[in-house]
Amino acid sequence: MAQIIDGKAISLAIKDELKEKAAKLKAEGTEVTLAVIQVGNNPASTVYVRNKKKGCEYIGIGSLSYELPEETTEEELLSLIRELNGRKDVNGILVQLPLPAHIDENKVIRTINPKKDVDGFHPESVGALCIGQPGFVSCTPAGVIELLKRSGISIEGKECVILGRSNIVGKPMALLMLRENATVTVAHSRTANLKEVAKRADILIAAIGKPKMITREYVKEGAVVIDVGINRDADNKLCGDVDFDDVAEICSAITPVPGGVGPMTIAMLLNNCIQSVELQK
Ligand code: NDP
């Protein structure tokens, strides 16, 4: 049976470390504060925002909450971001996505001061990651790296196949695995012979948003399998992109859903908030 990578326990360990760092900063006179903006009341976003605020509370940093109505104009949102950009008492700015259709997400992301871009979505943050300069790293892929490292799984020299090439998961994941000296392949919906490509992986990372699509036919025996997907199956139960029961029988380590990559995302957001103090010096 495969090693089950416990994202809940690892994320808790990280949050406890961050708690200590936050206390140290406080003792030195620096109070870290995250501003969280939600536009409209998408129920999933409300849960994510609540959990992010709870995370801030847990590690002992401040959070400012802006719950704006659905009909907020793009200009109103941009002007709030500009105000927060200029506030010395705000270290991180997070705009919960998705935004209502009348607001241009890219424009919003570009307006956030890159030094406060704790989600790591600003083109400057992505560019910095690409050329190996300091900057914020997108939280979910950063969480995957932490999961691997803290589970004692070495990355250097490994064949890594990433399924998915989105801006928030697949692409930054590929850059991070490269930074860790893996040999990286990125596959997507137009990849030919996906099963053969996936089977090359020593470390297979699935981020496609297709419930339980990845069965053992995609997995080399003994591979490490990281499941980023968060989906609902036919019975409306939470599941990943990987068919856990099938794949766990042949792989060496695997993340469950829930309780794998998911809890790491908030831990890494909080890590970015603490890191913001360094970047803002
Ligand atoms: P996107 O829909 O933005 O991207 C999906 C990617 O998967 C695309 O690159 C797409 O290819 C590729 N893809 C889709 N279908 C297939 C297929 N049949 N075969 C091969 N590739 C395919 O999704 P996200 O990256 O935002 O999210 C992916 C999953 O991760 C979702 O389940 C999401 O809920 C979850 N997620 C989890 C997070 C967490 O905290 N754990 C955070 C963010 C996301 P193409 O580019 O060709 O269209």
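Residues are numbered from 1 along each chain as its sequence is written. As the model is predicted, local features need pLDDT of at least 70, side-chain atom pairs count only at pLDDT 80 or more, and totals for chains, interfaces and linings use all residues.

Visitor: What span is expected for helix H6, residues 139-150?
Guide: Helices are DSSP runs of H or I with at least four residues, numbered from the N terminus. The expected span is 1.5 Å times one less than the number of residues. H6 has 12 residues, and its first and last C-alpha atoms are 16 Å apart, close to the expected 16 Å.

Visitor: Which residue with positive phi follows H6?
Guide: The phi of this residue is near 75 degrees. The residue after H6 is Gly152.

Visitor: What distance separates the centres of domain 1 and domain 2?
Guide: The bounds come from an automatic or database domain assignment, which gives domain 1 as 29-120 and domain 2 as 139-262. Taken over C-alpha atoms, the centres are separated by 29 Å.

Visitor: What is the helix content over residues 138-280?
Guide: Over this range the end C-alpha atoms are 18 Å apart. Strand (DSSP runs of E, at least two residues) makes up 17%. Helix makes up 36%.
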